[in-house]
Amino acid sequence: MIDNEVTHKEKERELIERAEEIKVKLERTENMFQNKEKKWGELERIIVNYARKDQDLRNKLSEIKYICDDPSSKRRITTVVEENHVLKSQIDELEKEITELKVQVTYAKSNPT
């Protein structure tokens with residue numbers, strides 16, 4: 001019975017240590033994401049400033065469907081939602097086509113001529 005208690009205590013200690021390690025890693029990761037978010041925000045601010053002055057840059061950003069918080073941008077969240085809906089429909093159609101092709105390939109493999 002004592003061995004069982006010792007083993008249980010060791011496992012509990014290991015789990016607590018592992019939880020602490022995970023907590024530290026999570027805090028580091030969160031900190032890294034916050035730093036990346038700050039850098040991305042600064043980069044976006046710079047891009048918006050340049051895009052206000054440069055029509056070519058605005059066009060290129062529009063081509064790649066770059067979304068930023070610039071009020072002069074023609075893209076709005078509703079536009080993005082609509083585009084996502086269209087893309088989702090296209091994905092569904094392509095998935096159906098892939099499924100059909102898989103069936104045809106399977107049939108062709110099982111019935112060679």
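1. Helices here are DSSP runs of H or I with at least four residues, numbered from the N terminus. E21 and R18 form a salt bridge, with their closest N and O atoms 3.4 Å apart. The term salt bridge stands for a side-chain nitrogen of Lys or Arg within 4 Å of a carboxyl oxygen of Asp or Glu.

2. A word on the basis of these notes: this is a predicted model, in which local features need pLDDT of at least 70 and side-chain atom pairs count only at pLDDT 80 or more, while totals for chains, interfaces and linings use all residues. Residues are numbered from 1 along each chain as its sequence is written, and side-chain values use heavy atoms, with hydrogens and water left out.

3. Back to the first pair and its surroundings. E21 has 43% relative accessibility and so counts as partly exposed; R18, at 41%, also counts as partly exposed. Partly exposed covers the range between buried (under 20% relative accessible area) and exposed (over 50%), using a 1.4 Å probe and protein chains only.

4. Helix α1 holds another such pair. E42 forms a salt bridge with R45, and their closest N and O atoms are 2.5 Å apart. Because E42 and R45 are three residues apart in helix α1, about one helical turn separates them. E42 is partly exposed at 37% relative accessibility, and R45 is partly exposed with a relative accessible area of 44%.

5. Please look at helix α3 (residues 77–110) too, where K88 and D92 lie four residues apart, about one turn of the helix. Their salt bridge has its closest N and O atoms 3.1 Å apart. K88 is partly exposed, with a relative accessible area of 46%, and D92 counts as partly exposed at 29% relative accessibility. In the whole structure, a search finds four salt bridges.

6. Finally, the helix packing. Helix α1 (residues 2–53) and helix α2 (residues 55–63) pack at about 120°, their axes 5 Å apart. Axes are lines fitted to C-alpha atoms, for helices over the stretch in contact, and angles run from 0 to 180 degrees between N-to-C directions. The two helices, α1 and α2, are therefore oblique to each other; oblique is what remains after roughly parallel (under 35 degrees), roughly antiparallel (over 145) and roughly perpendicular (65 to 115). On the α1 side the contact (heavy atoms within 4.5 Å) is made by I47, Y50, A51, R52 and K53, and on the α2 side by Q55, L57, R58 and L61.
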